[in-house]
Amino acid sequence: MTRFIQLTGLNILILISISLVAASETTIGIDDYSVEPGNMITAPIRIDDTVNISGCEINFTYNPTVVHVTGVTQGDLRYSFASNVDNGSGWMRANALDADGLSGNVTFAYIDLTTVGDVGDTSPLNITSANIFDINYTTIAYTVNNGSFEIISANDTTPPEITSVAIDPAVTLPNGSIYVTVTATDESGIASVTANDVVLALVANDMYVGTVTAAGAPGTYNVTVVATDASNNSNVATDDSATYEVKLPATLYIEDVVVRPWENATVPITVLDVVNLSSCEINFTYNPTVVRITDVIRGDLRYSFKFNVNNGSGWMRANALDVNGLSGNVTFASLTLTAVGNESDVCGMEFEDSRLLDISFKEIVHIRRNGTFSIHENVPPEVTNVSKTPIAILYDNGRPRTPGTNISLLSAHVTDTDGKITTVTINLSSIGGSPAQPMEHVSGDLWEVTTNAIEVAINAPNFTHQLTITATDNDGGINDSVSIELTVLKRGDVTGDGLVDEMDVDYISSYAAGLEPEASNPPGLLVGDVVGEAGDPVGDEVVDMMDALYLAKYTSGKAGEP
């Protein structure tokens, strides 16, 4: 039973597949023609409902006592075309190629058919065989629609009949393009069909199409269609029933947006210079890797408002109604746009499609002014007003110092115009600290850190250290162009040569004895006060012979580094 059901289902699927294939099968054919004696008509051989046709070859036959093929012209397949005609035997062979492949309705060739028989003679126009293949060298199945050729009397006095005229669009901008479709018939054939004096092209049985240019000023205008038959009498038919309207356009508008990374901006979608706007619907697209719509708020149209946002694919569809109609500058909706891309990213915000209607259900002609969304480059932080307190300190070596003489408070003011500061560090490596020592945010734009110093370059006389500050903002912007200059001195080095030796002992001794030039240039208290009463390592805030004695013992290896 199960096997039967499976087979039955499979048969149904096969039948459905066959039905679908048949419904879209390619056809090759030529129309029926009625031509007066001594006249010629150009007939297209068409291949309709085809997909990616890349090559075709045909054999075409006719009765050479009735009609001759007096010309063969290449159709839509543009790579190559060749033809051979034998009017003695009544056949034409042709082939054509197109390397790109064509789809839809394709004209294979145009053939000139000239009457050679008498009134009343008829001839079949037969495509006896054809080989059609696509760009993948696969044969395309087809059916054939053969035609006929009849020689009719030249005494046709009946004018052509224009059975339909369609124009699109019915409302357009000044000097806009209007697509015209006309259906016209005549017993002796149609010689030409024009619309506002523009010759229309035959695309199918009795159907002619073309494009005319609208008037340049607002107003309602007629399209005048004239069909002329192929008889010697040149009968004509005129139809001017089709009308179109020219209107000055309204503008569907969204402004350009420039924001910082991850910043939001709310902008309106506006219809400018509109009259009696009653309905608006839009398809709006954007690049979702650059911007996303995070909120939509209805605008001025108050009857209804619906929207659908897809930030994965980058589109929004929305519509709104107002039964009373609004004029002037009308806000359709307000969008909250959030930047999700990188600095310098730019994308279009485009109205892919739109439709505006007035209160009488008429189309409102409009143009679309698309916008751009830009994420501007980051402005790096600014570092100002750097300071240190005190301006000079002593190196630390583990021996006690006067409190505060071995530490300094380093500070800087750091600001960012387009974001916020995330970290501020200072390079203390030259004084024995971290190359990226964090500074603490105190308040406002003030950042601080307290540090001591360890002598890294031993016996180096350069006591000024450039401590570089690195400020980073939330967008990754960095400023490392500003430094704090901190002077760090070596305790006991009263001569300032980077060494603690006998010269420093002599300097203090000369100073204590009032000898010049030392007496006029006393040693600095910060570096010269190395010991106090009873050997106090903190010192006693004077430079005297006790300090000279300590340095002498140090240089003799009997005391530690001052």
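Rings of Phe, Tyr and Trp (its six-membered ring) pair if their centres lie within 6.5 Å. In this predicted model, ring pairs of that kind link Phe284, Tyr286 and Phe351 into a cluster. The points below cover the aromatic residues, the nonpolar cores, the strand pairings and the cysteines.

**Aromatic rings**

- A search of the whole structure turns up seven aromatic pairs.
- One of the pairs is made by Phe305 and Phe332: the ring centres are 5.8 Å apart and the planes stand at 70 degrees, so the pair is edge-to-face, the class for planes over 60 degrees apart.
- Phe305 belongs to strand E23 (residues 304-310) and Phe332 to strand E24 (residues 315-339), so this pair ties together parts that are 27 residues apart in sequence.
- Phe305 has a relative accessible area of 14% and is buried; Phe332, at 1%, is buried too, because the cut-off for buried is under 20%.
- Two arginines lie over aromatic faces: Arg317 is over Trp315, at 3.8 Å from the ring centre, and Arg399 is over Tyr550, at 4.3 Å from the ring centre.

**Nonpolar cores**

- The largest nonpolar core has 37 residues, and Ile282, Phe284 and Phe373 have the most contacts inside it.
- The elements that give two or more residues to this core include strand E21 (264-285), strand E22 (291-298), E24 and strand E25 (346-358).
- Strand E19 (250-254), strand E20 (257-259) and strand E27 (371-375) are also among the elements that give two or more residues.
- Leaving aside residues up to four places away in sequence, Phe373 touches Val257, Val259, Val290, Val291, Leu337, Thr338, Ala339, Asp345, Val346, Cys347 and Met349.
- Another core lies apart from the largest one; this other core has 32 residues, among them Val35, Ile47, Val67 and Ala96.

**Strands that pair with E24**

- E24 pairs with E21 in the antiparallel sense over 17 bridges, and in this pairing Val274 stands opposite Gly328 in E24.
- E24 also pairs with E22, again antiparallel, over seven bridges; here Ile293 stands opposite Leu337 in E24.
- A further seven-bridge antiparallel pairing joins E23 to E24, with Phe307 opposite Ala318 in E24.
- E23 and E24 form a hairpin with four residues between the strands, where Gly314 takes a positive phi near 85 degrees.

**Other strand pairings**

- An open sheet of five strands has the order E11-E18-E17-E13-E14, with mixed pairing.
- Strand E11 (171-172) and strand E14 (198-199) are the edge strands of this sheet, each pairing on one side only.
- Within the sheet, strand E17 (residues 219-229) and strand E18 (residues 236-246) run antiparallel and are joined by nine bridges; Thr228 stands opposite Val236 in E18.
- Elsewhere, strand E31 (residues 421-426) is joined to strand E35 (residues 464-473) by five bridges, and the two run antiparallel; Val424 stands opposite Ala471 in E35.
- E31 is also joined by two bridges to strand E32 (residues 437-438), again antiparallel, and Ile426 stands opposite Gln437 in E32.

**Cysteines**

- The structure holds zero disulfides.
- Cys56 counts as buried at 1% relative accessibility, and Cys280 is buried with a relative accessible area of 0%.

Notes:
Residues are numbered from 1 along each chain as its sequence is written. This is a predicted model: local features need pLDDT of at least 70, side-chain atom pairs count only at pLDDT 80 or more; totals for chains, interfaces and linings use all residues. Side-chain values use heavy atoms; hydrogens and water are left out. Two strands pair if DSSP finds at least two bridges between them. Rings of Phe, Tyr and Trp (its six-membered ring) pair if their centres lie within 6.5 Å; planes under 30 degrees apart count as stacked, over 60 as edge-to-face and the rest as tilted. Buried means under 20% relative accessible area, exposed over 50%, partly exposed in between (1.4 Å probe, protein chains only). A charge sits over a ring if NZ of Lys or CZ of Arg is within 6 Å of the ring centre and within 35 degrees of the ring normal. A nonpolar core is a set of buried Ala, Val, Leu, Ile, Met, Phe, Trp, Tyr and Cys residues joined through side-chain atoms within 4.5 Å. Contact means heavy atoms within 4.5 Å. A disulfide is a pair of cysteine sulfur atoms within 2.5 Å.
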